[in-house]
Amino acid sequence: MYYKVLIANIEEYAPIVYTPTVGLVCQNYSGLFRRPRGMYFSAEDRGEMMSMVYNWPADQVDMIVVTDGSRILGLGDLGVQGIGIAIGKLDLYVAAAGINPQRVLPVMIDVGTNNEKLLKDPLYLGLQQHRLDGDDYLAVIDEFMQAVFTRWPHVIVQFEDFQSKWAFKLLQRYRNTYRMFNDDVQGTAGVAIAGLLGAMRAQGRPMIDFPKMKIVVAGAGSAGVGVLNAARKTMARMLGNNEVAFESAKSQFWVVDAKGLITEERENIDPDAVPFARNVREADRQGLKEGASLVEVVLEALKHSTSTRPAVFAMSNPTNNAECTPEEAFSILGDSIIFASGSPFKDVDLGNGHIGHCNQGNNMYLFPGIGLGTLLSGSRIISDGMLQSAAECLAAYMSEEEVVNGIIYPSISRIRDITKEVATAVIMEAVEEDLAEGYRNMDARDLHKLNKEQILEYVNKNMWTPEYPKLVYKED
């Protein structure tokens, strides 16, 4: 009944089971706890995880969302209380992608917390010690991955809300061995790319013009750098998909963190942000120095721009962490901008019958379809091509009329239909890359024979739906 109600009213209830309410839940989880949901593996369970996974009662698990609670949304280290985010994400996998709710598993890996408030809280449910680091930390995650894939070889693991320090390292460590992806790095990037391509359409320009777009990214964490890498790869693909194209694409980006503009002069740059550090001479020519403010950088990027509809994406979650509100953006920049945010905001009445549309650029549009498409294709890994296909599918989903009116993301009420389309695109790309191994009675050879409409039907047939048959009462 819970899922029947959630699916029927997804637009109303998504902000409750997911952002922004889930953030509040995680902040207060120890005081709200009533019963365990999911599995908890802690640093003290080392050497036992292989046997622990058999405590879970389901013989088959299709989808795991795992977190270590180190960076929950924009709220920081919430330790074991971050299990709420894994529970909420899997509710959306059921509602949007039709994953069977008996085949999902939320997981918390408790390696301690560096949140001093939680360390002193007598009600805190997790290990009251500082976080493991280095090889000790990696050993815990390695053991967990080996254990779950030993019991469920075909499971898909989505990494969620790991701090930037580990997000990229773990992704690179596992992505070519296991069926896994990191939603903060790859999901956020995919949704941002879809939005940027939609913004190109809204500007009346073809998507092939994307490599000419100037992009300023505020924040060099896992999500920000994930967007940068994905945008660079997309540009390079459009420019010929070679080394020269990949190298030239990086000149379209400016990255600003808490210390300002990142240039090659910056000491101790995060290795993942190094490719996007601006050349010092080039920055000087533009009148920008190391550490230049966001305002200075944006003004420089807008110089000589012919765009009549700049895009502003305030993607941080939850709502009160957004970089700006739609009211602020439209009141300062006028009604011609394309605006998107990570959490939901209401549209803005601009007067004279004009509406400033607030698009929710949320990962919810992609991660259910990526997971479902990977599951039904039986792909051995989740490739960059599969993620790119998902983003391009979302970008093309909106009609021309909607895009011209500044609507670049669909309504959440259409999430199940969007997920079918995204899953279909992911399956087709997995087949194209010869990664698909099939699912249940549909083997790889069968998948190769299907056209797009047949794959869409295959996806639809394999989505779980809560059905309530009518009961007929007979009177004697």
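Where is the place of aspartate 434? Select aspartate 434 in this predicted model: the residue sits in the loop between α19 (415-432) and β14 (438-439).

Check the backbone there. Aspartate 434 is not a glycine, yet its phi is positive, about 60 degrees. Most residues other than glycine have a negative phi, and most peptide bonds are trans. Now show the surface: aspartate 434 has a relative accessible area of 52%, so it counts as exposed, the cut-off being over 50%.

Next, select arginine 440, in the loop between β14 and β15 (442-443). Arginine 440 also is not a glycine and has a positive phi, about 50 degrees. With a relative accessible area of 58%, arginine 440 is exposed.

Now turn to peptide bonds. Go to the loop between α2 (10-17) and α3 (21-27), where proline 20 is found. Threonine 19 and proline 20 are joined by a cis peptide bond, with omega about 10 degrees.

Then select proline 318, in the loop between β9 (311-314) and α15 (326-333).

Select residues 134-151, which form α8. How many residues does helix α8 have? The helix has 18, and from its first C-alpha to its last it reaches 27 Å, close to the expected 26 Å. Colour the buried residues of α8, among them Tyr137, Leu138, Ile141, Phe144, Met145 and Val148. While looking along the helix, keep one rule in mind. An α-helix has 3.6 residues a turn, so residues three or four places apart point the same way. Asp142, Glu143 and Arg151 of α8 are buried too.

How values were computed
Residues numbered from 1 in each chain as written. Predicted model: local features only at pLDDT ≥ 70, side-chain atom pairs only at ≥ 80, totals over all residues. Heavy atoms only, no water. Helix = DSSP H or I, 4+ residues; strand = E, 2+ residues; numbered from the N terminus. Expected span 1.5 Å × (residues − 1). Buried < 20%, exposed > 50% of the residue type's maximum accessible area, 1.4 Å probe, protein only.
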